[in-house]
Amino acid sequence: MGWLAVPKDWISTFGEIAKFCGKIVGQVYGLRVFRFFGEALRQCGILILSSTLVIWGLVFIIGLQCGIEGAYFTRSVGAPAYSGVFAAWCDLRELVPYAFGYMMAAKVGTGIVAELGSMRISDEIDALEVMGINSVTFLCATRLLAAWMVLPFMYIAAIGAGFFASYLAVVQQIGDVSSGGFFLIFWMFQNPPDMLFSMMKAMVMATGIVLVGCYYGYNASGGPVGVGTATAKSMVLNIVFVHLIGMLGTQLFWGANPRAPIGG
Amino acid sequence: MFRQIADRAFLPTKSVLEEVGDMMILTGKTIVSALRPPYPYGGEFVSQFLFALRLCWFPLLVSTVAFGYGAPGLQAANFLVLFGALDRLGGFFVLASIREFAPFVVAIVLAGVAGTAITADLGARKIREELDALQVLGVDPVKNLVVPRFLALMVVTGLFDVYALLFGIFGGILATLVNGAPLGPFWATFFTNASVTDLWGSLVKCTLFGAIIAIVCCYKGMTASGGAAGVGRAVNQAVVIAFLGVFAFNYVFTQTLLATHPEITVIK
């Protein structure tokens with residue numbers, strides 16, 4: 001016991017989560033989840049109707065933020081025409097994935113914990129098992145499949161929302177640069193591989209968030225209070241996870257190669 | 001038919017507006033009852049302060065170092081290395097860390113970690129009818145539960161802002177070292193560009209983030225309903241509203257600060 005108890009506890013929780021996630025991912029890749037394809041489609045519908053607008057909203061606000069910071073910064077170095085560089089890198093490479101991860105964790109991750117946790121507390125998951133339905137496949141694997149089907153498209157649209165917001169902030173609000181000048185530089189400093197990298201970051205974040213949400217919801221215990229506590233705990237893990245993936249993704253994709261059209 | 005369409009569009013809007021109004025009323029009540037004697041919330045304030053400190057210090061440390069190293073550190077260093085001006089990274093960190101990401105990473109972590117815990121706690125008390133029992137006993141839940149959390153979260157976010165600044169800049173140092181550059185120029189440009197206005201702007205912004213998070217999370221916890229599913233749902237909604245509120249406020253505040261203090265944007 002003593003100070004070793006806390007890290008030991010973390011490591012064992014981490015192992016449990018990894019085991020559980022392996023099971024879910026195995027069932028999606030083993031195509032067993034397609035037995036419940038209807039349920040997966042229903043989860044897609046829920047994801048689209050309840051989470052899309054909120055995620056786009058947060059990305060939009062962050063896009064505005066990138067825009068004004070970029071506009072003021074490039075104004076101060078005396079090159080306001082180049083605010084597109086700041087906006088392109090800030091939006092596409094860093095803050096759109098982060099904003100997406102934050103809102104996924106807040107809206108979808110905790111939503112899954114609350115939903116599955118209350119099913120666990122009211123013994124509905126046991127009832128599913130009694131009826132001969134594999135509850136991990138039916139509840140968790142379908143949610144993962146739904147996330148993988150919907151989120152790439154939602155993410156591309158979210159990038160669009162961020163770009164639009166940056167344009168509004170730089171060109172319409174601050175107005176140091178013409179719209180043509182802004183877009184010339186803006187598109188010059190990004191290309192399709194950048195978008196693919198950004199999307200890979202976001203999809204890893206989203207997959208982790210859904211899996212962590214499933215783990216904490218599926219294993220909730222302790223009555224109504226337990227569901228609340230499990231929701232809060234999943235959020236802690238998700239936030240740390242989102243930041244770590246953001247950093248590792250940047251290091252991996254852009255760490256050794258700035259991918260900028262400067263120099264030879 | 002028109003009536004139905006109108007209802008579909010207006011009822012959600014109306015309920016959102018009502019909720020925002022309720023939160024404003026709760027804010028007013030909290031401030032009034034914080035100032036008006038008696039002051040019975042000292043013990044609860046200290047315990048909430050320590051609770052938030054204990055829960056958040058580690059996630060915040062990891063998050064700020066990761067964010068500082070990744071987003072402004074590596075990307076800006078990449079850009080500056082192309083021009084052979086890596087020493088300017090220090091000056092950029094004044095903009096990136098002090099003005100932008102230290103406050104909002106604190107807000108994200110505090111909302112996600114301490115805010116959710118507050119909502120879960122108050123929501124559970126609401127579901128078990130403890131809040132009603134308190135009222136029957138003549139104890140005001142706003143004064144004894146909301147005020148200490150409100151004050152504790154404001155103080156703790158303000159202090160955590162400094163902590164996040166230190167570790168965010170540590171991320172920048174890592175990025176400088178990874179590029180094999182000396183640290184002297186980093187500190188030189190950092191301290192010539194840093195201004196007091198930036199620092200107080202950052203602290204005020206972060207303290208107000210704490211107020212937003214506390215009010216949203218307390219409100220959602222105190223109005224939870226519907227058994228086991230209700231507490232979970234309350235936590236979910238609380239985090240979403242807190243994030244949106246924090247970022248919307250961040251935009252307005254930063255824009256106002258930048259527009260009213262042009263001297264802080266000058267590169268020295």
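The largest nonpolar core has 174 residues. A nonpolar core is here a set of buried Ala, Val, Leu, Ile, Met, Phe, Trp, Tyr and Cys residues joined through C-beta atoms within 7 Å. A residue counts as buried if 20 or more other C-beta atoms lie within 10 Å of its own, as exposed if 12 or fewer do, and as partly exposed in between, with C-beta atoms placed from the backbone. The residues with the most contacts inside the core are A:Val59 and A:Phe100 together with B:Leu110, B:Ile213, B:Ala242 and B:Phe243. The most is given to this core by helix α3 (residues 89-127) of chain B, with 25 residues. The model is predicted: local features need pLDDT of at least 70 and side-chain atom pairs count only at pLDDT 80 or more, whereas totals for chains, interfaces and linings use all residues. Residues are numbered from 1 along each chain as its sequence is written, and chains are lettered from A and ligands numbered from 1 in the order in which they are written.

Chain B contains eight helices and zero strands, in the order α-α-α-α-α-α-α-α along the sequence. Helices (H or I, at least four residues) and strands (E, at least two) are DSSP runs, numbered from the N terminus. The C-alpha atoms of chain B fill a box of roughly 65 × 55 × 35 Å along the principal axes. Of its 268 residues, 50% are buried. Two residues are in contact if their C-beta atoms, placed from the backbone, lie within 7 Å. Among the contacts in chain B with a separation of 6 or more, 90% join residues 24 or more positions apart.

Two residues of chain B illustrate such contacts. Apart from neighbours within four places in sequence, B:Ala242 is in contact with B:Ala111, B:Gly115, B:Ile212, B:Ile213, B:Val216 and B:Cys217. B:Asp161 lies in helix α5 (residues 141-178) of chain B, and B:Asp161 is buried because 25 other C-beta atoms lie within 10 Å. B:Val105 is 56 residues away from B:Asp161 along the chain, and their C-alpha atoms are separated by 8.9 Å.

The contact between the chains takes 47 residues from chain B and 54 residues from chain A. On the side of chain B that touches chain A, α2 (42-82), α3 and α8 (227-260) each supply at least two residues. The largest share, 19 residues, comes from α8(B). This side of chain B divides into 31 nonpolar, 14 polar and two charged residues; Ala, Val, Leu, Ile, Met, Phe, Trp, Tyr, Cys and Pro count as nonpolar, Asp, Glu, Lys and Arg as charged, and the others, Gly among them, as polar.

In chain A, the unreviewed UniProt entry annotates residues 40-64, 144-164, 196-218 and 230-254 as "transmembrane region". Residues 144-164 of chain A are 100% helix and 0% strand, with end C-alpha atoms 29 Å apart. Residues 230-254 of chain A are likewise 100% helix and 0% strand, and their end C-alpha atoms lie 36 Å apart. Helix α5 (residues 135-174) of chain A bends by about 35 degrees at A:Leu151, and a proline, A:Pro152, follows within four residues. The bend at a residue is the angle between axes fitted to the seven residues ending there and the seven starting there. After α5(A) comes A:Gly175, whose phi is positive, near 70 degrees.

Terms used
UniProt positions renumbered as here; feature names shortened; annotations may be inferred.
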